[in-house]
Amino acid sequence: MSKQSKRIEALVYHAKPTPGKIKVVPTKKYASQRDLSLAYSPGVAEPCLEIEKDVNNVYKYTAKGNLVAVISNGTAVLGLGNIGPEASKPVMEGKGLLFKIFADIDVFDIEVDTEDVEAFIATVKNIAPTFGGINLEDIKAPEAFEIERRLKEELDIPVMHDDQHGTAIISAAALINALEIAGKKIEEVKIVVSGAGAAAISCTRLYQACGASLKNIVMLDSKGVIRDDRINLTAEKAEFATSRKIDTLAEAMENSDVFIGLSQPNIVTPEMLKSMTANPIVFAMANPIPEISYQLAIDTRDDIIMATGRSDHPNQVNNVLGFPFIFRGALDVRATKINEAMKMAAVKALSKLAKESVPEQVNIAYSETRLTFGKDYIIPKPFDPRLIAEVPPAVAKAAMESGVAKEPIEDWDRYRNTLLERLGSDNKLIRMLLERAKTNPKRVIFAEADQLDVLKAAQIAYDEGIAIPILLGRKEAIIALMEEIEFDAEDVLIIDPKSDDEVERKNRYAKAYWKKRKRQGVTIYSAEKKMRERNYFAAMMVNVGDADTLITGYSRNYPSVVKPMLELIGMADGVTRVAATNLMMTQRGPMFLSDTSINIDPTAKDLAKIARMTSRVTKMFGIEPITAMISYSNFGSSENPRAEKVREAVAYLHKAYPEMVVDGEVQTDFALNSKMLQDIFPFSKLAGRKVNTLIFPNLDAANITYKMLKELNKAESIGPIMMGMRKPVHILQLDASVDEIVNMTAIAVVDVQEREKREQRHVR
Ligand SMILES: NC(=O)C1=CN([C@@H]2O[C@H](COP(=O)(O)OP(=O)(O)OC[C@H]3O[C@@H](n4cnc5c(N)ncnc54)[C@H](OP(=O)(O)O)[C@@H]3O)[C@@H](O)[C@H]2O)C=CC1
Ligand SMILES: CC(=O)C(=O)O
Ligand SMILES: [Mg+2]
């Protein structure tokens, strides 16, 4: 993607469909007049009076306890400098989004129009009653130090300037681990710190707390090395002034072991890196452009341990790994501060986690085959689901031990479980799927590439490296649309099945088709004619191995596309029924619903097969299937043949696949409410389990439910995912959105990858 298209993509992302990245969502019922009289006047007076009596009740009756203010005055926004409060808002909203998706913390972002320290402090103090915590952000030094010090002193809720301490915690954890890999001692290494602002000063102080020696540190600001003979140094800079008679970064870097960059882009040169000792550690953390680019650094030295603040390279040392989890721990024990003990606990938890074996889910999410502690993996990845279970408890425990926790935690196992449950609602799975596709992209035919949305999806798949698109359709229309959306990809194959240019291919495919169906009334002439039709052409292209998979169905109804696919591609060996599942991103986490698209009234045996096939897809996403066979009846409560059919399917599955966690027939509310199920049907295999797969008794029920969830709950959906075909073929819903098509493309690619894996296992 060109720089210009990236710029446009970022702007459109922020502008559409609604401007901005976060919004407020009610957490209480508001449907009836009764609800409203509770939510507002007169009911609301009751909690007001309770809080008036005892101010701690504000945590009981309002959202304060889970609400953090992300506050900035826009004076040091990323590495963009003093761009003002309004211009900082996208970053603050971004932090809000990260707080929510990583730690389920709600955020109001607040941009304050003042550079005056006293006015800023007064503003924050005046609004503090609203919040459970205050995250100060992108405020320049030295003002940031005074602002944070005073607010910490004067408020009784946790206050943290993230650029200082978030960055310090993460980079200290990474530094400890990098030193271990380099075989060096923190007490002995020579450290160069470029930058003497909020982030740099705090990081360096924390490294000292971890053992680094002041005499081994050289710090630089915009004027060069901070020497003890420089006049007018701020107190914070003076703390790190060196007696060495050097002035430049190049001089400072000579024979140093560690470079810490929290300053400006592109100020470190290859020569400087070459002058460092063996196994140099370089954390170029300026955002978005580091002090030296990752590629240049690793091209310059083989032995470097390199990190940046960015997510597109190994070793992302960025405070995103810290603030959500640190605040989570602090809020959960109602800490009055985030103190040194809590920071150190977070450092230790992060550094320890990087050394533990990485769950497969994380490898998949980051396109890695096997992440292991080493030069390219010195710190956990932000999407590691273990972070929420490890860091907040460590922080909370330290808060309790250091006497700043107002609400100590008693049951740690229960606390860990609630933390894990908080992760249910984000779309990590989709990200994981896309990342997994990228590890080994496949040739995907977009059979309706002359449709704008399909082409846009193909462009994203191409740009992101998810797939190698093959564009089918009217060539001129495709080329015109490609120009319109700036899809420049000379290496992408465009094929028009109707055009005479494709005679060779068409003849080849027609012959293959005719060979297969010559005893079913197909003549070579009719086969050739059929190949002018894009779905036939695409299917044959996959059949003969000229493409790996195909995506179609955007502009035609589902059955009319399924039919030719079944005729041309057919079912996999041993399969007697194809079916489709939909993955829905619901508020309680991902749910697989089957069969949403194909079998109108499946038999008991069909249902069992659908459950088996769905289990395989569930596993493809790294999720262990826990399957409920849905009915209007619960475990024999109805004698009707419709309930009996589901019972029979369950009996068959229990007998044939005793290892499967599946049960029923069961009503949806029991299936989805593990406590209810446990209380009333404790004998069930599902009792106390979190069901993630629902098999419906017929197409009406499944299709209605999935569409209802999609429309009413705005649950994102992936699918329908075709199951049971001989070759991977995926059919879109009529009018699927661009995102849905991209997701489907990733599914198609992962489907091919999975089949290849199975084949390899088979050969071995
Ligand atoms: N990866 C991460 O998680 C994080 C990265 N950062 C990055 O760190 C950088 C600084 O942020 P922050 O501390 O909040 O901002 P500040 O404005 O507080 O500090 C910036 C510092 O950089 C110094 N500086 C400017 N130019 C140079 C130069 N050529 N050589 C050396 N130092 C220079 C400034 O010097 P002077 O004092 O003379 O003005 C100042 O000390 C930004 O790029 C930001 O994106 C920040 C927080 C987290
Ligand atoms: C990551 C961050 O907070 C910064 O670059 O400012
Ligand atoms: Mg910042």
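Predicted model: local features only at pLDDT ≥ 70, side-chain atom pairs only at ≥ 80, totals over all residues.
Residues are numbered from 1 along each chain as its sequence is written, while chains are lettered from A and ligands numbered from 1 in the order in which they are written. Local features need pLDDT of at least 70 and side-chain atom pairs count only at pLDDT 80 or more, whereas totals for chains, interfaces and linings use all residues.

**Domains**

The chain is divided into domain 1 (3-157), domain 2 (165-384), domain 3 (432-568) and domain 4 (579-724); these bounds come from an automatic or database domain assignment. Between the C-alpha centres of domain 1 and domain 4 the distance is 40 Å. An unreviewed UniProt entry annotates residues 19-152 as "domain: Malic enzyme N-terminal"; UniProt positions are given in the numbering used here, feature names are shortened, and annotations may be inferred rather than shown by experiment. Residues 19-152 are 45% helix and 12% strand, with their end C-alpha atoms 34 Å apart. Helices (H or I, at least four residues) and strands (E, at least two) are DSSP runs, numbered from the N terminus.

**Ligand shells**

A residue is placed in a ligand shell if its C-beta atom, placed from the backbone, lies within 6 Å of the ligand. Ligand 1 is surrounded by 29 residues, the closest being G79, G197, D221, S222 and G309. Two or more residues of this shell come from each of α8, α9 and β6 (217-221), and α9 provides the largest share, three residues. Domain 1 (3-157) and domain 2 (165-384) each supply at least three residues to the shell around ligand 1.

By class, the shell around ligand 1 holds 13 nonpolar, 12 polar and four charged residues. Here Ala, Val, Leu, Ile, Met, Phe, Trp, Tyr, Cys and Pro count as nonpolar, Asp, Glu, Lys and Arg as charged, and the others, Gly among them, as polar.

Around ligand 2 lie L78, D138, D162, D163, N287, G309, N318 and N319. This shell comprises one nonpolar, four polar and three charged residues.

**Helix α7**

Helix α7 (residues 143-154) has 12 residues and should span 16 Å at 1.5 Å a residue, which agrees with the 17 Å between its end C-alpha atoms. The expected span is 1.5 Å times one less than the number of residues. Within α7, the buried residues are A144, F145, I147, E148, L151 and K152. A residue is buried if 20 or more other C-beta atoms lie within 10 Å of its own, exposed if 12 or fewer, and partly exposed in between, with C-beta atoms placed from the backbone. The cover over the buried residues of α7 includes α6 (117-127), β3 (133-136), β4 (159-161), α8 (162-182), α9 (198-209) and α10 (235-238); contact requires C-beta atoms, placed from the backbone, within 7 Å.

**Backbone features**

| Peptide bond | Omega |
|---|---|
| K16 to P17, cis | about -10° |
| G664 to E665, cis | near 0° |

P17 belongs to the loop between α1 (3-15) and α2 (33-39), whereas E665 is part of strand β18 (residues 662-666).

Positive phi values also occur in residues other than glycine. For N232, phi is near 60°; N232 sits in the loop between β7 (224-225) and α10. N232 is exposed, because 6 other C-beta atoms lie within 10 Å. For E486, phi is about 55°, and E486 lies in the loop between α21 (475-484) and β13 (493-495). E486 has 12 C-beta neighbours inside 10 Å and therefore counts as exposed.

Key:
Contact = placed C-beta atoms within 7 Å.
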